[in-house]
Number of protein chains: 2
Amino acid sequence: MKNKELPLLISGTGESLNDIQHLTGFRAVSRVVLLKLENGEQHLVVPQAEYGRALKNARSSFVWTPEMLSVSSKNRNDIRKWISAMLAEKKIRQVHVMADFPHAYAMAIIKCGVSLDVISHSIVSSRSLKNPNEIRRISDSQQAAVIAMRSAISLIQRSKIDSDNTLKLGNHHLTAEYLRKFIARILVDHDCDGAGSIVACGQQTEAPHEQGYGVLKAYEPILMDIFPRHMTHGYWGDITRTVVKGRPSLELRRMYNAVRAAHDAAISTIKAGIQAKSVHKAVISEFKARGYETEMRDGLLTGVISCTGHGVGLSLHEDPIVGSDPVKLSCGNVLAIEPGLCYPGIGAVRIEDLVEVTSDGCKYIVPCERKFEL
Amino acid sequence: MKNKELPLLISGTGESLNDIQHLTGFRAVSRVVLLKLENGEQHLVVPQAEYGRALKNARSSFVWTPEMLSVSSKNRNDIRKWISAMLAEKKIRQVHVMADFPHAYAMAIIKCGVSLDVISHSIVSSRSLKNPNEIRRISDSQQAAVIAMRSAISLIQRSKIDSDNTLKLGNHHLTAEYLRKFIARILVDHDCDGAGSIVACGQQTEAPHEQGYGVLKAYEPILMDIFPRHMTHGYWGDITRTVVKGRPSLELRRMYNAVRAAHDAAISTIKAGIQAKSVHKAVISEFKARGYETEMRDGLLTGVISCTGHGVGLSLHEDPIVGSDPVKLSCGNVLAIEPGLCYPGIGAVRIEDLVEVTSDGCKYIVPCERKFEL
């Protein structure tokens, strides 16, 4: 459903800063305001101290400061005043805002007699359609992620299994913390920041956002999820591998094979024009065919505990979401495809890669082999 | 002015996640909802997949999932439904929200007949009062920042000035990019992420958030602003030094001495009970006494181009702001004190350290010597 054309007003923290970078190229580090008119004209309001940097970096935008908009010095730090001055300058009486637009700003605008129309789905939908330059930037980060993943896997490969099944590198235990730091160093060497990498072992893998801690063990799943953000341009990469040091149980091997097959099923389903949920369905079917059900056990969701994928770009998680909600895939979508299975007592297995959606399928942003038993 | 006691509702991205970590200890990585009742009871709503981790990590909170609140599976991803279900569960008809609360959520709540009261100043004011455990965490990150700063300064010290005034380390030019990566590696070694460090030289320093690029040069200000975030607990550090390789001009030396004196003036003014703006005033007076005025030149603000300081904790910039707005300092505030001067054509000089406000003054979180001419 197409919304009525209205000027679009963006301000706030979090996602709005990514929207503004997408539309102007300017990476704001403090609060700013962007007004995009129906004719495409963009007006960016930045703090006085950011004026020079914005003039230099913000493309196709008029750059304003609160001073230029005659915001009184008393109100110089009140973004609500910047917004109302900018709207008054352009004689705007009605605007679109995103769902995340701060409520306090909205109230201030309404008080000035401007009416507000919330857009539930991002009008900056062009964010999900990556141009070649953006694909290159995502590749930068994904390349770093793949190198870090390979190096981490080599390290686990080189480790020895101690008598109590713990992993050792020389005389030291191989811990999640050590491996996470090892990964972070490699990411830094490739101009990325990767503060949050997950290196979880055994039951820790059952909580999808558990970072992981302690000594890594043989015969248990070691799940590594590496998601670097490029320090300069801010685009993300995202990769996950699940490995086991030593011979995994039959149960774990079956689970791994199912996840790999589900990943293949997802990849071979993806192409421009199809519904994202058909990709998710392909994953669920593959699991069902192998007897893996998704159900509640003792109050915990087991089986497929998250959706199959998500867009990646200036945000690590952005549209389109590959789950059960309706959304059509398009050429230029970059998707993290990450099917997984999780059963308490066994742990979780997840495989994740980035692909670019094309007219007749998809292609890996940076291919990386899938290893399991090390 | 004290607000009427009402339940507090927190949700959204950005700052709200830090508020929720502050109140519950839980570091959310996806959207969650926190309802804090007048009696202090806390109710946290998390996605099903995060339930186990939240149960384990969220202190003094009841943990809910959308399923437990009987949100229909169709609406399982719609946070507005989580919020209305949680409010209905507790029969809440009126709530406080923060200024940043997403407008779309607010509209949905109002539609359910719940009235909303925006709190312009954070009701989670306890965030600005750090307990000893929080001070220790900030020290972790500040320690990393100080070590990285000292190492970066040593590297510049060891560099040689080439015939064209560029800096060389052995046969290679010393670039901002190289130094930033060198800093990031040290931060990683100390369990911190420091993606955004500023290493700017010469005129680049005039834009306060310019990251810096290219070959570093002698006789020009090199401004390094290092702000690591701890990978595990998420507290920030923040330090800035401005150095010059080789003998700086008299003009630059005078500026540096003024900034150092202003920093001293700020530090000796700070104590619990005083107004933050008296600290800012002490800085401005010190500059004025030395002939440094703040004024517009060719449309650019020159002199003092930002406020004197800000709180540091789970956010890099948080309350209290040390500028011209009225706010009283209290024991346990952790402040980044960063006076600076900036004049186009000369560049910027800034010195920044973290201090903890005490009843009779303040103390450095981690002391670090101030070097200028290298």
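Questions and answers on the chains, helices and residues follow.

Me: What kind of model is this, and how are its parts numbered?
Reply: Residues are numbered from 1 along each chain as its sequence is written, and chains are lettered from A and ligands numbered from 1 in the order in which they are written. Local features need pLDDT of at least 70, side-chain atom pairs count only at pLDDT 80 or more, totals for chains, interfaces and linings use all residues, and the model is predicted.

Me: How many helices and strands are there in chain A?
Reply: Helices (H or I, at least four residues) and strands (E, at least two) are DSSP runs, numbered from the N terminus. The C-alpha atoms of chain A fill a box of roughly 75 × 45 × 40 Å along the principal axes. Chain A has 8 helices and 23 strands.

Me: What separates the centres of domain 1 and domain 2 of chain A?
Reply: The bounds come from an automatic or database domain assignment. That assignment gives domain 1 (8-123) and domain 2 (128-364) in chain A. Taken over C-alpha atoms, the separation of their centres is 36 Å.

Me: How many residues does each domain of chain A give to the contact?
Reply: Two residues are in contact if their C-beta atoms, placed from the backbone, lie within 7 Å. The contact takes 6 residues from domain 1 of chain A and, from domain 2 of chain A, 4 residues.

Me: How do α7(A) and α8(A) lie to each other?
Reply: The axes are lines fitted to C-alpha atoms over the stretch in contact, with angles from 0 to 180 degrees between N-to-C directions. Helix α7 (residues 250-269) and helix α8 (residues 276-289) of chain A have axes that come within 8 Å and cross at roughly 150°. Angles under 35 degrees count as roughly parallel, over 145 as roughly antiparallel, 65 to 115 as roughly perpendicular and the rest as oblique. So α7(A) and α8(A) are roughly antiparallel.

Me: Which classes of residue make up the contact of α7(A) with α8(A)?
Reply: Among the residues that meet are Ala258(A) and Ala262(A) in α7(A) and Val279(A) and Phe287(A) in α8(A). Ala, Val, Leu, Ile, Met, Phe, Trp, Tyr, Cys and Pro count as nonpolar, Asp, Glu, Lys and Arg as charged, and the others, Gly among them, as polar. The classes are 9 nonpolar, 2 polar and 1 charged.

Me: How do α3(A) and α4(A) lie to each other?
Reply: The axes of helix α3 (residues 79-89) and helix α4 (residues 103-111) of chain A come within 10 Å. They cross at roughly 40°. Therefore α3(A) and α4(A) are oblique.

Me: Is Glu352(A) buried or exposed?
Reply: Glu352(A) lies in the loop between β21 (347-350) and β22 (353-358) of chain A. A residue is buried if 20 or more other C-beta atoms, placed from the backbone, lie within 10 Å of its own, exposed if 12 or fewer, and partly exposed in between. Because Glu352(A) has 21 other C-beta atoms within 10 Å, it is buried.

Me: Is Pro132(B) buried or exposed?
Reply: Pro132(B) is in helix α5 (residues 132-158) of chain B. Its C-alpha atom is 8.4 Å from that of Gly332(B), 200 residues apart along the chain. With 8 other C-beta atoms within 10 Å, Pro132(B) is exposed.

Me: Which classes of residue are on the side of chain B that touches chain A?
Reply: The contact takes 41 residues from chain B and 41 residues from chain A. Elements giving two or more residues to the chain B side include α2 (51-57) and α6 (176-189) of chain B. The classes are 20 nonpolar, 10 polar and 11 charged.
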